[in-house]
Amino acid sequence: MSVTSSDLRENPRRWSGLPLGVTLAVVVMGAVAVPTEGQTGVETPEIPDLVGVWNGGGGVRPVNGPNMPWVPGENFPVLNERGQAFQSVFDEAIAPKYDCVPSASPALQYDPYMMEVTQWPDRVLFRYEKDDQIRTVWLDGRKPPFNEFTVQGFSAGSYEDGALVIETTQFVFDITGFDDYNGIPSSQQKRVTERYWREGEELRLTLTVEDPMFLREPTSYTTRWLPGPEGYKLQLYGCDAEQAGRPRRFLIPKYQ
Amino acid sequence: MASGSEIEIRLLEAKEDFVKALFWTMAAAAVMAIVITGMSVSAHHASGPFYDSEKRVEAVGTVTSFVFRNPHSFLYVDAPVDGGETIKWEIEMGASVMMSRRGWTPETIKAGDEIKVVGQPSRAPGTFGMCCAELTKTDGSPIRP
């Protein structure tokens with residue numbers, strides 16, 4: 001049996017969908033092993049309710065593009081010489097997205113699609129309608145697997161001051177890994193920090209990206225989602241590689 | 001005979017009516033633009049490198065297929081031109097995930113439909129791509145999902 005977002009939405013008690021035995025075990029273990037707040041002086045972190053389907057579409061925030069969310073003169077990344085060199089030789093026609101390679105952090109979070117969040121005791125799942133991507137954010141303190149690199153990286157999180165804070169590392173090298181629109185790469189040194197919190201009905205995020213391989217300094221954006229339509233279920237994206245690559249024929253080749 | 005203050009009130013009401021009419025006209029135009037173009041912004045890639053936003057082209061012809069997919073849909077139109085030749089236009093549209101939220105389906109446009117398309121032409125010489133297009137029936141009436 002699993003906890004779905006709709007279960008949690010219908011019943012605001014966070015772990016209500018968990019098997020009864022597990023719930024009892026947690027209660028018993030908590031009573032036996034965990035000192036109370038008064039005994040330790042350590043506050044239990046406030047856990048924000050992030051569960052649900054969230055709308056990040058154009059009616060909610062500006063749609064992504066060459067100047068969004070990275071705005072020249074504001075938060076546009078300052079590239080080092082290596083980054084500038086990569087960007088100058090970048091050819092749009094070889095961007096991996098034209099072969100259905102999914103976008104990754106920090107671009108994925110700003111794509112104008114729906115996103116679903118499910119909170120579990122030991123993890124938080126982010127499911128993105130764009131490119132059918134799923135990210136698992138581990139809350140159990142586990143360390144990144146040794147020398148493993150993936151498109152979405154390894155994410156570890158914790159609750160702090162009513163927010164979910166996520167650190168993601170161990171990304172693969174990606175020639176458009178910083179940004180979908182400006183030909184800026186990212187390396188295995190990329191580190192993305194996300195802070196999610198609620199403001200009324202809004203879900204808000206401040207995202208910071210560091211990548212000493214290509215960036216002189218970290219840079220950030222803040223954005224928001226609104227609740228998705230009631231009962232909305234994320235659709236299958238099913239990227240069609242033939243359609244994804246079709247616009248390439250309309251480009252004037254960078255290198256003749 | 002109307003007094004000065006009555007005339008002033010009527011003028012204010014007329015101004016208010018005009019402003020309301022202008023608002024609703026603009027709102028309707030915005031909605032129609034979205035409906036007609038079927039979310040031409042794909043949010044997958046910038047249109048600038050592929051299509052020339054400074055130019056407009058028009059094609060009137062017969063739909064040969066409508067491929068309703070992600071990350072972008074494509075509409076294929078055969079448009080006859082002078083001299084008996086036919087141009088095969090490839091019109092890039094939005095992601096099916098987004099278009100379906102606005103009521104579009106793979107059957108909204110069918111092979112054999114007569115259609116008029118106005119949009120930005122593709123940049124590569126010898127290609128007949130188009131984006132950011134307004135789609136209407138040949139009599140100018142809108143295509144609605």
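User: How many bridges join strand S3 (residues 123-128) of chain A to S4(A), and do the strands run parallel or antiparallel?

Analyst: Six bridges join S3(A) to S4(A), and the two strands run antiparallel. Strands (E, at least two residues) and helices (H or I, at least four) are DSSP runs numbered from the N terminus, and two strands pair if DSSP finds at least two bridges between them. This is a predicted model, in which local features need pLDDT of at least 70 and side-chain atom pairs count only at pLDDT 80 or more, while totals for chains, interfaces and linings use all residues. Residues are numbered from 1 along each chain as its sequence is written, and chains are lettered from A and ligands numbered from 1 in the order in which they are written.

User: Which residue in S4(A) is the bridge partner of Tyr128(A)?

Analyst: Tyr128(A) is partnered by Gln133(A). S3(A) and S4(A) form a hairpin with four residues between them, and in that turn Asp131(A) has a positive phi of about 65 degrees.

User: What about S4(A) and S5(A), parallel or antiparallel?

Analyst: S4(A) and S5(A) pair in the parallel sense over two bridges, and Val137(A) has Ser155(A) as its bridge partner in S5(A).

User: What is the phi of Asn147(A), and where is the residue found?

Analyst: Asn147(A) has a positive phi of about 55 degrees although it is not a glycine, and it is found in the loop between strand S4 (133-138) and strand S5 (154-160) of chain A.

User: Is Asn147(A) exposed or buried, and why?

Analyst: Asn147(A) counts as exposed because it has 7 C-beta neighbours inside 10 Å. A residue is exposed if 12 or fewer other C-beta atoms, placed from the backbone, lie within 10 Å of its own, buried if 20 or more do, and partly exposed in between. Asp161(A), in the loop between S5 and strand S6 (163-169) of chain A, is also not a glycine and has a positive phi near 50 degrees; Asp161(A) is exposed, with 11 other C-beta atoms within 10 Å.

User: Switching topic, which residues does a cis peptide bond join in chain A?

Analyst: A cis bond joins Met68(A) and Pro69(A), with omega about 5 degrees, and Pro69(A) is in the loop between strand S1 (52-55) and helix H4 (81-89). In chain B, the bond from Asn70(B) to Pro71(B) is cis with omega near 10 degrees, and Pro71(B) is in the loop between strand S1 (57-67) and strand S2 (74-80).

User: How are S1(B) and S2(B) joined?

Analyst: Five bridges join S1(B) to S2(B), which run antiparallel, and Phe66(B) has Leu75(B) as its bridge partner in S2(B). In chain B, a closed barrel of five strands runs S1-S2-S3-S5-S4 with mixed pairing.

User: Which residues is Leu75(B) in contact with, leaving aside neighbours within four places in sequence?

Analyst: Leu75(B) is in contact (C-beta atoms, placed from the backbone, within 7 Å) with Val63(B), Phe66(B), Ile91(B), Met93(B) and Ile109(B).

User: And how many residues of chain B are in contact with chain A?

Analyst: In chain B, 22 residues are in contact with 24 residues of chain A.

Definitions and conventions. Contact = placed C-beta atoms within 7 Å.
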